Amino acid sequence: MRRRFPGSVVTATAALAVLSWAPPAPAQRGARKLPSAQKGQPAPRTPDGRVDFSGVYHAPGYGPGDPRSKTGEGYAHNIARDLNPEDVPMQPWAKELFNKRSEEDLSKDDPEGFCLPMGTPRVNPYPWKILQTDKLFVILYEGNVHSYRQIFLDGRPHDKNVEETFWGDSIGKWEGDTLVVDTVGLGFGDGRNNKSWLDADGHPRTNKLHVIERFTRPEFAKIVDEITIDDPGAYTRPWKVTQVSQLAPGWEIQENICNENQDEHGNNLDVQHLVGK
């Protein structure tokens, strides 16, 4: 079994957690206005004729002119922001836990607020970048802990030794112009004590989670990701969300650090464990 753990965990206040979900401030983006790509242009293609997804994108729901949900929440807060409650078929225990996290605790225990990776398929409000070759599809995330996902396109099967991870083991295949990504090996617990949530509101996930994504680029200016969440540990049936991300022309992702275990005075609490000979 291969497991991946972060080096340290920060003791975060609720205010820190809220900051981690907020949209990028103008100063963080070099005081530039959100750029828009010209709409209506065809998607680029690689030399072998595949759709080329390479580029830097605004987080879904946070690009210029992106519509807000009826509740005003972004996908970072609520992955199901575009769905009705009955479209998210939570088991009774999962619904109870979700209500406690979001309504009673106000997301104070969100693992991302403690600098843990957000995990598949969670998003945050910060830009992300795709690097694509014929054998590999890599997603680089600016926010959270500046993490990445590797999606293998070389025909390999899932790694049977990967389990209980934040990002999972992802393999992709082409169905015409659609890249279908299958991710397993996710988890970290039964959901009640899980180290990864589907969003800041606290939709749970368990170690039975299986995610299927269908990436399309219907035009140059945007990517569409249809996500199927199949987690029989927390939900009574699979359910889907669709996220649209706008291209961010002229942007690059920036350094984002969230990994020091500090107290309220800025002292690193891990130093005492760094004992040499």
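In this tour, Ala, Val, Leu, Ile, Met, Phe, Trp, Tyr, Cys and Pro count as nonpolar, Asp, Glu, Lys and Arg as charged, and the others, Gly among them, as polar. The model on display is a predicted one.

**First stop: the cavity**

A search of the whole structure finds one cavity of 30 Å³ or more, and about 170 Å³ of space lies within this largest cavity. Please select Val123, Trp128, Tyr141, Asp225 and Gln243, which are the closest to its centre among the 20 residues that line it. Colouring by element then shows where the lining comes from: E3, strand E7 (210-219), strand E8 (222-230) and E9 each give two or more residues to it. By class, the lining of this cavity is made up of eleven nonpolar, five polar and four charged residues.

**Second stop: the nonpolar cores**

Next, select Phe53, Ile130, Phe137, Ile139, Leu179 and Phe215. Within the largest nonpolar core, which has 24 residues, these six touch the most other members. Strand E2 (128-132), strand E3 (136-141) and strand E6 (178-184) each supply at least two residues of this core; E3 gives the most, with three.

Centre the view on Ile130. Beyond its neighbours within four places in sequence, Ile130 is in contact with Phe53, Ser54, Gly55, Tyr57, Phe137, Val138, Ile139 and Ile223. Another core, of 18 residues, lies apart from the largest one, and its members include Val88, Trp93, Ala94 and Ile227.

Begin at Leu106, which is placed in the loop between H2 and E2. Most residues other than glycine have a negative phi, and most peptide bonds are trans. Leu106, however, has a positive phi, near 50°. Is Leu106 buried or exposed? Its relative accessible area is 62%, so Leu106 is exposed.

Move on to Pro121, in the loop between helix H2 (92-104) and E2. The peptide bond that leads from Thr120 to Pro121 is cis, with omega near 5°.

Asn124 has its place in the loop between H2 and E2 as well. This residue is buried, since its relative accessible area is 4% and the cut-off for burial is under 20%. Show the surroundings of Asn124: leaving out residues up to four places away in sequence, it touches Ala59, Ala76, Glu112, Met118, Gly143 and Asn144.

**Fourth stop: the disulfide**

A disulfide is a covalent bond between the sulfur atoms of two cysteines. The structure holds one. Select Cys115 and Cys258, which it joins with an S to S distance of 1.9 Å. The torsion about their S-S bond is about -85°, so the disulfide is left-handed.

What does the pair tie together? Cys115 lies in the loop between H2 and E2 and Cys258 in the segment after strand E9 (239-246), so the bond links parts that are 143 residues apart in sequence. Cys115 is buried, with a relative accessible area of 6%, whereas Cys258 counts as partly exposed at 22% relative accessibility.

**Last stop: Glu164**

Finally, select Glu164, in the loop between strand E4 (148-152) and strand E5 (169-175). Its phi is near 55°, a positive value in a residue other than glycine. Glu164 has a relative accessible area of 14%, so it is buried, whereas Leu106, with its own positive phi, is exposed.

How values were computed:
Residues numbered from 1 in each chain as written. Predicted model: local features only at pLDDT ≥ 70, side-chain atom pairs only at ≥ 80, totals over all residues. Heavy atoms only, no water. Core = buried A, V, L, I, M, F, W, Y, C linked by side-chain atoms within 4.5 Å. Buried < 20%, exposed > 50% of the residue type's maximum accessible area, 1.4 Å probe, protein only. Helix = DSSP H or I, 4+ residues; strand = E, 2+ residues; numbered from the N terminus. Contact = heavy atoms within 4.5 Å. Disulfide = S-S within 2.5 Å. 1 Å grid on protein atoms, 1.4 Å probe; cavity = no way out; pocket = protein on both sides within 12 Å on 5 of 7 lines; lining within 4 Å. Points joined across faces, edges and corners; volume = space filled by probe spheres on them.
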